[in-house]
Amino acid sequence: MTTGSFVTHLEGAIDGIRLPHDQLQTTSGGRPLWVRYDLPAIRAAVTREEVARRPMDLWRYRELLPVESDEHIVTLGEGWSPMLPCPRLGAELGLERLWIKDESQLPTGSFKCRGLALAVSRAKELGVKRLAIPTAGNAGGAMAAYAARAGLEAWVFMPADTPVVNKLEATLYGARAYLVDGLISDCGAVVRAGAETMEWFDCSTLKEPYRLEGKKTMGLELAEQLGWRLPDVILYPTGGGTGLIGMWKAFAELQTLGWLEDEKLPRMVSCQSDGCAPIANAFARGERFADPVANPHTIASGLRVPGAVGDFMILDAVRASGGMALAAAESELTGWTRRAASLEGISICPETAACLAVLEQLVREGAVKPEEQIVVFNTGAAQKYVEVLAEDLPSLPPIDEIDWDEIDWNEIDRAASAGS
Ligand SMILES: *Cc1c(COP(=O)(O)O)cnc(C)c1O
């Protein structure tokens with residue numbers, strides 16, 4: 001397709017207001033916008049079989065994406081992350097059919113690429129020259145990369161204690177990156193305050209409509225990779241919640257298109273750390289909106305979002321799916337990161353470790369059955385968290401310090417047979 005999208009309009013998620021999509025939009029009533037498509041027209045225009053013959057990236061779902069003209073697509077080949085069966089980790093958890101969808105393999109090492117590919121493409125298409133973003137880490141790196149790819153200017157604002165790799169990548173990709181003494185919400189205030197004088201476009205998650213559409217593609221891919229069927233349960237590490245909201249939207253669109261083999265939708269489990277669990281707290285209280293957390297602390301920087309602008313969209317999706325929102329113990333995150341990485345060889349981020357700790361709890365309580373099909377999203381690569389992971393890993397002994405006679409070979413044999 002060279003020109004045109006199937007977008008009909010944008011719609012306020014809180015107030016239902018219709019807004020035109022051919023101009024820059026941010027929020028309505030201070031809350032996010034949905035992108036709406038002419039789904040019957042898409043159904044007539046393209047089939048699942050046609051999609052299956054296209055290149056393996058997220059642009060294979062072109063009709064379900066908002067970019068008007070192919071020449072404005074800004075891409076680094078993002079999408080189509082592998083679905084990896086995890087038999088050893090599954091056995092450890094008491095599960096027969098555990099899968100990880102591994103987003104650590106995306107261009108900047110996290111799934112933030114999906115959202116920023118769409119946001120930057122669409123901003124470019126609408127004539128934006130300067131982009132700004134508040135970030136807990138990975139989003140800033142991804143925006144910097146896509147801005148560089150598009151030839152646009154990027155301004156990145158991150159908390160002073162953001163992981164060092166995120167600081168490096170933003171500058172490496174040529175962004176003007178700044179440290180803010182505070183949280184991602186304080187960074188957001190800096191971007192809002194500068195909007196008028198700096199004339200930049202605010203790419204905060206859910207403050208512009210298109211990052212959500214990029215993250216939606218995780219749900220589209222998941223369905224296609226499973227033969228247009230969906231798993232029983234999805235566990236998703238939740239910060240701003242864009243990925244979870246996006247997947248739920250994807251499933252609804254696929255249902256309307258008639259592309260799913262059966263009607264059953266997965267139970268969506270939103271996972272946080274008890275160091276920052278506004279969504280889990282609101283879920284426990286039966287509320288639709290989440291109170292901001294006062295002193296959030298977690299090594300899973302992507303989860304350090306004290307108040308999400310799309311809180312009600314996350315909670316609505318979780319409840320509609322029959323799922324839940326739960327917090328893992330912060331103290332368990334590095335242990336699960338290491339256990340999962342060493343059992344399966346997958347580069348697990350601490351955010352995903354929160355999902356694994358929650359999953360262990362759900363299995364123990366019988367809320368997840370051993371034979372159910374479970375998909376956990378690994379949203380980022382362990383390499384992006386070098387300083388926190390280094391604390392928990394043993395340092396490597398120099399060879400001349402090893403006393404070979406002291407090595408417990410029985411222990412090594414036991415570990416090897418347990419792992420096979
Ligand atoms: C941003 C981020 C999250 C949270 O994603 P949302 O869709 O905003 O909830 C989880 N994990 C990692 C690695 C992230 O970078």
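**View 1. Strand 10 pairs in the parallel sense with strand 13 (residues 373–378), over three bridges.** Strands (E, at least two residues) and helices (H or I, at least four) are DSSP runs, numbered from the N terminus. Two strands count as paired if DSSP finds at least two bridges between them. Across this pairing, Val233 faces Ile374 of strand 13.

A note before we go on: this is a predicted model, where local features need pLDDT of at least 70 and side-chain atom pairs count only at pLDDT 80 or more, while totals for chains, interfaces and linings use all residues. Residues are numbered from 1 along each chain as its sequence is written, and side-chain values use heavy atoms, with hydrogens and water left out.

**View 2. Strand 10 also has strand 11 (residues 267–273) as a parallel partner, joined over five bridges.** Here Val233 stands opposite Arg267. To get from strand 10 to strand 11 the chain passes through helix 9 (residues 242–257), in a right-handed β-α-β crossover. Right-handed means that, with the strands pointing away from the viewer, the path from the first strand over the helix to the second runs clockwise.

**View 3. Strand 10 (residues 233–237) is mostly covered, with five of its five residues buried.** Buried means under 20% relative accessible area, exposed over 50%, and partly exposed in between (1.4 Å probe, protein chains only). Val233, Leu235 and Pro237 are buried on one side, and Ile234 and Tyr236 are buried on the other.

**View 4. The ligand sits among 18 surrounding residues, the closest being Lys112, Tyr236, Gly239, Gly241 and Thr379.** Oxygen atoms of the ligand lie 2.7 Å from a backbone N or O atom of Gly239 and 2.6 Å from a polar backbone atom of Gly241. The protein buries 96% of the 390 Å² that the ligand exposes when taken alone; these areas come from the Shrake-Rupley method with a 1.4 Å probe.

**View 5. Trp155 belongs to strand 7 (residues 153–159).** Why is Trp155 counted as buried? Because its relative accessibility is 12%. Leaving aside residues up to four places away in sequence, Trp155 touches several others, including Arg130, Met143, Tyr178 and Trp200; contact means heavy atoms within 4.5 Å. Thr171 is 16 residues from Trp155 in sequence and 9.9 Å away in space, C-alpha to C-alpha.

Definitions and conventions. A residue is near a molecule or strand if one of its heavy atoms lies within 4 Å of it. A polar contact is a pair of N or O atoms within 3.5 Å; within protein, one must be able to donate a hydrogen and the other to accept it, and residues adjacent in sequence count only if both atoms are side-chain atoms.
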